[in-house]
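Today I look at the pocket lining and then at the aromatic rings.

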Amino acid sequence: MRQYKLLLQDFLTDRLLDYRKSNHYTQEHMAELLHISPRSYIDIEHGKNGFSATSLVFFQLLLTRSEVSSLLDDFKILVERKEQDDLAFNRKKTG
């Protein structure tokens with residue numbers, strides 16, 4: 001499960017940064033939008049901490065329904081690729 005937690009954290013951090021830059025928001029403004037402190041936001045953006053459930057929901061509320069759907073679809077694809085890669089690696093290892 002830890003592998004998926006790290007995968008999700010990296011994925012969401014990338015998406016958060018893309019969102020902030022595409023909207024020309026400061027880190028402080030993003031912190032306000034997510035209802036967290038600027039320090040907490042910076043720690044998320046730098047990968048030191050992950051999203052809390054609450055900040056994740058607030059991030060999704062900033063997105064359109066289509067963007068939320070795309071976010072979930074893209075993560076699903078990422079997970080499926082990882083599982084295929086892990087399966088192939090295990091086959092090579094035991095084969």
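I sorted the lining of the largest pocket by class and got five nonpolar, four polar and one charged residues. My classes: Ala, Val, Leu, Ile, Met, Phe, Trp, Tyr, Cys and Pro are nonpolar, Asp, Glu, Lys and Arg charged, and the others, Gly among them, polar. The model is predicted, so local features need pLDDT of at least 70 and side-chain atom pairs 80 or more, while totals for chains, interfaces and linings use all residues. Residues are numbered from 1 along each chain as its sequence is written, and side-chain values use heavy atoms, without hydrogens and water.

Next I asked which element gives the most to this lining. Helix H1 does, with four residues; among the lining residues I noted Lys5, Asn49 and Phe51.

Then I turned to the rings. I paired rings of Phe, Tyr and Trp (its six-membered ring) with centres within 6.5 Å, calling planes under 30 degrees apart stacked, over 60 edge-to-face and the rest tilted. That rule gave me four aromatic pairs. Phenylalanine 11 and phenylalanine 75 are a tilted pair, because their centres are 5.4 Å apart and their planes stand at 50°. I find phenylalanine 11 buried at 10% relative accessibility and phenylalanine 75 buried at 19% (buried is under 20% relative accessible area, exposed over 50%, partly exposed in between, with a 1.4 Å probe and protein chains only).

Tyrosine 19 and phenylalanine 59 are edge-to-face, since their centres are 5.7 Å apart and their planes at 90°. I noted that both are buried. Last entry: ring pairs join Tyr19, Tyr25, Phe51 and Phe59 into a cluster.

Notes:
1 Å grid on protein atoms, 1.4 Å probe; cavity = no way out; pocket = protein on both sides within 12 Å on 5 of 7 lines; lining within 4 Å. Helix = DSSP H or I, 4+ residues; strand = E, 2+ residues; numbered from the N terminus.
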